[in-house]
Amino acid sequence: MSDMTAGRRFTEGPLSRAAALIYTLLVVELLFLVTAVPGLVALVLLERDAGNLPLAAVCALPVGPALSAALYALHHRRLDLADLSPAAAFWRGYRANVRDVLMIWVPWLAGLTVVGINLANLSAAGVPGWWAGLLVAVAVVALLWVANAVVIASLFRFRAVDVARLAAYSLARFPMATLGNGCLVIVAGGVTLVATEAALALVAFAFAAGLLRNSRPMIAEIKERFVAPQ
């Protein structure tokens with residue numbers, strides 16, 4: 001067996017692919033932290049008080065583009081250990097998608113802030129109890145919707161209104177993906193409540209990988225019916 005053949009088998013074998021995946025995940029996590037940390041640090045320092053919800057939304061602004069870049073890098077990851085460039089893919093996705101993702105992320109944060117403030121002041125407003133349930137349902141649907149929207153805006157080039165429509169359409173079109181994303185949201189919320197937002201940021205790579213995996217049917221249909229990915 002020649003050295004070239006042996007080298008090719010090593011870089012294309014299962015151990016090589018596992019090493020390539022681990023390396024990609026570590027790099028993506030590091031770059032996610034680099035791009036999201038300014039807001040996350042301030043977010044961790046904020047007291048968990050309803051009055052701080054607008055400030056918390058501002059602190060969460062960098063998370064959207066950072067998550068988008070992580071999704072882009074994982075979607076375009078290489079399997080060959082000798083041909084890895086996750087950092088380049090991350091920054092390419094960040095530069096290409098930051099504007100489109102913020103056009104989705106900012107309105108979503110604003111809407112979620114309004115819902116949170118209303119929930120925190122239900123007793124003062126004197127509204128019926130069922131209103132709280134309705135607001136919680138709206139918040140859950142909005143979380144599931146933005147998960148789809150960020151994936152679409154990260155991997156495809158659409159107008160913001162089209163991203164919004166496709167994200168909403170996909171909630172019912174792919175119920176198993178929606179259920180899977182709902183489980184991710186529950187886990188993320190649990191980690192945040194038990195620990196802090198910082199703990200959730202440390203496993204952002206796993207959240208992004210799970211979101212991307214759940215979104216495979218949606219990505220495939222959009223690719224086939226509408227437009228090729230970037």
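Predicted model: local features only at pLDDT ≥ 70, side-chain atom pairs only at ≥ 80, totals over all residues.

User: How many helices and strands are in the protein chain?

Analyst: Helices (H or I, at least four residues) and strands (E, at least two) are DSSP runs, numbered from the N terminus. From that end on, the elements run α-α-α-α-α-α-α-α-α-α-α-α. The count is 12 helices and 0 strands.

User: What percentage of the residues in the protein chain is buried?

Analyst: Buried means under 20% relative accessible area, exposed over 50%, and partly exposed in between (1.4 Å probe, protein chains only). The chain has 230 residues. Buried residues make up 40%.

User: What share of the contacts with a separation of 6 or more joins residues 24 or more positions apart?

Analyst: A contact means heavy atoms within 4.5 Å. Among contacts in the protein chain with a separation of 6 or more, the share from residues 24 or more positions apart is 77%.

User: Which span should helix α4 have, and what is the distance between its end C-alpha atoms?

Analyst: The expected span is 1.5 Å times one less than the number of residues. Helix α4 covers residues 63-75, so its 13 residues should span 18 Å. The end C-alpha atoms agree, at 18 Å apart.

User: How many residues of α4 are buried?

Analyst: The helix is mostly covered. Its buried residues include V63, P65, L67, L71 and L74.

User: How are α4 and α7 oriented to each other?

Analyst: Two packed helices are described by the angle between their axes and the distance between the axes. Here the axes, lines fitted to C-alpha atoms over the stretch in contact, with angles from 0 to 180 degrees between N-to-C directions, come within 9 Å and cross at roughly 60°. Angles under 35 degrees count as roughly parallel, over 145 as roughly antiparallel, 65 to 115 as roughly perpendicular and the rest as oblique. Therefore α4 and α7 are oblique.

User: Which residues of α7 meet α4?

Analyst: On the α4 side, the residues are L67, S68, L71, Y72 and H75. Their partners in α7 are V150, V151, S154 and L155.

User: Is L171 buried or exposed?

Analyst: L171 is found in helix α8, residues 160-173. Outside its sequence neighbours up to four places away, L171 touches V141, L144, W145, N148 and T178. Its relative accessible area is 18%, so L171 is buried.

User: Which helices do the buried residues of α8 pack against?

Analyst: The buried residues of α8 are D162, V163, L166, A167, S170 and L171. They pack against α5, α7, α9 and α12.

User: How is α9 oriented relative to α11?

Analyst: The two helices pack at an angle of about 165°, with their axes 9 Å apart. That makes α9 and α11 roughly antiparallel.

User: Which residues of α11 make the contact with α9?

Analyst: From α9, the contact uses A177, G180, N181, L184 and A188. From α11, it uses F207, G210, L211 and N214.

User: What does A96 count as at 28% relative accessibility?

Analyst: A96 sits in helix α5. At 28% relative accessibility, A96 counts as partly exposed.

Notes: Residues numbered from 1 in each chain as written. Heavy atoms only, no water.
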